[in-house]
Amino acid sequence: MATTTVLTTESPDRWKYLNNILTRKGPYSDETFEPGDEPKAFLADLKILVIGAGGLGCEILKNLALSGFKDIHVIDMDTIDISNLNRQFLFREADVGKSKAEVAAAFVMKRVRGVKITPFNCAIQDKDDDYYKQFKIVVCGLDSVEARRWINATLVNLVGEETLIPLIDGGTEGFKGQARVILPTISCCYECTLDMLTPRAAVPLCTLASIPRQPAHCIEWASVIQWPKERGDLKIDMDDPEHVTWLYTKALGRAKEFNIPGVTYAMTQGVIKNIIPAIASTNAIVAASCCNEALKIATTASPYLDNYMMYTGDDSVYTFTFQHEKKEDCPVCGNLPQALTVDPESTLEKLMEKLQERPETTLKKPSLRTSSKSLYLQAPKQLEEQTRPNLEKQLKELMEEGDELSISDPGMPFNLRFIISFS
Amino acid sequence: MSIPGAPTAKEKKYDRQLRLWGAGGQEALETAHILLINATAAGSETLKNLVLPGIGRFTIIDDAAVTDEDLGTNFFLDDDSIGLPRAQKACELLCELNPEVQGNFINDTIQNVLKSNPEKLKDFTTVIATGDIPTATLLSLDSILYPLGIPLFIVKCVGFTMSCRLVISEHPMVETHPASTVDLRLFNPFPELSALVDEKASSMDDKSKMTDHQHGHLPYVLVLLQTLNEWKSTHDGQPPSNYSQKNEFKSLLRSKMWNADEENFEEAIAAVLPHFNAPSIPSETRAIFQDEKCTSLTKESTSFWIIARAIKEFSEKNGGLLPLPGALPDMKAESKDYITLQNIYKSKARADLAIVVNIVRSLLAELGRDSEEIAESEVETFCKHAGYAKLIRGRSLSEEYEKSPRAQAISSDLSDSTALIHYYLGLRAYEAFISDDNNTQHIAPGAEDSTVDADTEKLNKHVTELLDKLSITHSPELLEGTEKAIGEIVRAGGGELHNIASLAGGIVAQEIIKVITKQYIPMNNTVIFDGISSRTHVYQL
């Protein structure tokens, strides 16, 4: 294969197969799809953002680069850990400790010529609206509910005359996963489906403190009760082997005292870090599905997912593809406040505890207001002190039926709105 | 610094997967040797997903040289690879992913290997066939691998469509990972359990004999069993059998609460519907017991069949009960009461296991084999999963294609134009097209813009020929979906789209992991994915 000229750009054959799809109309293609050079050029110019450079993120970057996207940004604040290497295939042992976004971007750019990937080693919250506005599509491969809620709300808030940025979101657990397409304000958003998450069953404190029965109870006792007692204000660092070993040893001692079998080091890590099993193949399925949707949305070469695919691989292969309904009272994309029934005799503090039990109201530092007054504000300090006495008051002293209760949280770029009724 | 129980370097690296398939599954992966035929994008992605979790070895057979087109779909080839053997370059770049995995390559066609050294196939644990392989070659592979019991995965990936056919003769699974293996034996408590009920719960209605605290901490299993005793005494010794009786029983439980917030009673009430079932052997387990391999053991029988037979004999002597798994869910209770109860179930499970182990030992002796050759731990795993074990009896490719095609499975979905069977037919037509004697270069349909229309025509004709051969009646209306599927397949011109290839690699790798570890449940036997509607369907063909 002798070539007489040095190729400065890639060979026209490189994208032959992708081009087949872009230059030929398919039986299912949208009527507006104009096959030819236009979708190719559009794809090359389109700016796309990838959030997360972990298990899904590595796959997503590879897939987008091999789908003809040329201008990709990636954000991830994490560094590479040894336990990432069984699936995050852009990283090697020598990379442990380095920025995921930077190593992943450099690897894909080296392997796939002609793609530009701009990495950011930071939190998504560090970027402002103007930054997010430059993208035509956002693809998310995250393991955090909080980060997903944040980017979802941010993209919904950005919707305007000229801006509507589709959000494609993937998630996995073991042999299962899901991929979904969110068209902010048009189709159901991440917040609309938050009640699908099953909250982690909390073990009552009295079980941990006095009647443990399971190895997990001993481990939680060590981290929730014994750690603060013996190590004071020091925060537990899940990645510090000394901390994990301390907890493991304590849990083991407790288990021995109560004749409870089964405490292991791996279980200790699993319980305190809430580790979710993760494998390369499931990441591959979910990331590929997300990027397939990105390609279809970017080029209109074929209809895209409307709007949710669930994959289950532990018993045969099963997918459930369906349209999740948009919620009219979604606090992010809906117009209506949600209904909330409260016990008028109960206190504001109790209400706040109750809210913590629901996935959609699990917040770090919630502040509560009605339209006429501030009930409890976390900051600034003076206002916190001023409103603190309200915590012990009964709800009937603070609000009336039909009042709108608004909850804000520094972690959330939106307010939750509730119409109160008394039980 | 070494802490007893702390993970080794390898356990750290594989932590997230060991939580799924454990050390036993990992061991199976590490001793496996995978053959990939053709380093296509789908094939390379499949290997990536097996190299990362630490498969033992892989070999790639491929005679192609790397082209520019390959670089547009396959991440495990780079610019420096162009013109070099594809088997070699893909092998090199895949090996970079995990230093513990050994990769080999053979720069030749599978046809030549089959001709010169068919014995070679015996080296492999699993074979993956990808790319444009003609039907005759697939059937040759099938005829060698199927009798040997070596699973063959045939993967097709064209445009937005992929399919995977698992050809496997027999696949027994013990660790299917059910959500729970709890069997509380509520309807047939063993003596030790009944004795504990008498000791701890017989006076649960008597406020003079129990404090509120004791009453509120009585494990719900004992509450249920004690209340069942009472119920049976007024119902001819029978437990609640239908829905309304179960509701009546729940009301009875509620009436026994001393306080409105007794969690243990709430737990008892919630357990009525899921746990009040007459004991029976699940149909999957029964099928294993009735299988000829179970009823007539031979000198060559695998441990699965010998243990299955031992458990069958155990259940026959134990009123149709399987060995007790021994698991107990968490429940509101004092620590020591819970542990006592847990130990009662565990002791019973151990006693059942001991009996099964004895049967296994004598079966082995009767067969003239070493009576100790099956480890007790293997018998224990089976006993814990006896009600959840499963057997897949597969079908060979020659059965599907020639000897006994399942026309019914195809025809029943044909009238639904959105069914994925249309893609199956489209891909069969694709295979017929590249297998055509006149197409010696195996050129794909739609390879050139100029041939799209003629090739579409040919594929449609292949489908009608196939349906005629299967005696399936068809009409243009019935084939509306197939025509569209063919339109999509020809559109792709025989090319892989990276996303679909990557997704195929994920699905196939999951299935291979399940087959090699003999854990979880693989699909049987053909999965089709359509990337336009993002749906899969499994057909048994």
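Four bridges tie strand 12 of chain A to strand 13 of chain A, and the two run antiparallel. Here helices (H or I, at least four residues) and strands (E, at least two) are DSSP runs numbered from the N terminus, and two strands pair if DSSP finds at least two bridges between them. Along this pairing, Ile407(A) sits opposite Leu416(A) of strand 13 of chain A.

Before going on, a word on the model. It is predicted, so to speak of local features takes pLDDT of at least 70, side-chain atom pairs count only at pLDDT 80 or more, and totals for chains, interfaces and linings use all residues. Residues are numbered from 1 along each chain as its sequence is written, while chains are lettered from A and ligands numbered from 1 in the order in which they are written.

| Strands of chain A | Sense | Bridges |
|---|---|---|
| strand 10 (367–370) and strand 12 (404–408) | antiparallel | four |
| strand 9 and strand 13 (416–422) | parallel | five |

Ser367(A) has Ser408(A) of strand 12 as its bridge partner, and Ala339(A) faces Ile419(A) of strand 13.

UniProt (unreviewed entry) puts "domain: E2 binding" at residues 340–423 of chain A; such annotations may be inferred rather than shown by experiment. That span is 24% helix and 26% strand, with its end C-alpha atoms 10 Å apart.

Now for chain B. Its contact with chain A takes 68 residues from chain B and 67 from chain A, where contact means C-beta atoms, placed from the backbone, within 7 Å. Helix 23 of chain B gives the largest share of chain B's side, 11 residues. That side divides into 27 nonpolar, 23 polar and 18 charged residues, with Ala, Val, Leu, Ile, Met, Phe, Trp, Tyr, Cys and Pro counted as nonpolar, Asp, Glu, Lys and Arg as charged, and the others, Gly among them, as polar.

Definitions and conventions
Two residues are in contact if their C-beta atoms, placed from the backbone, lie within 7 Å.
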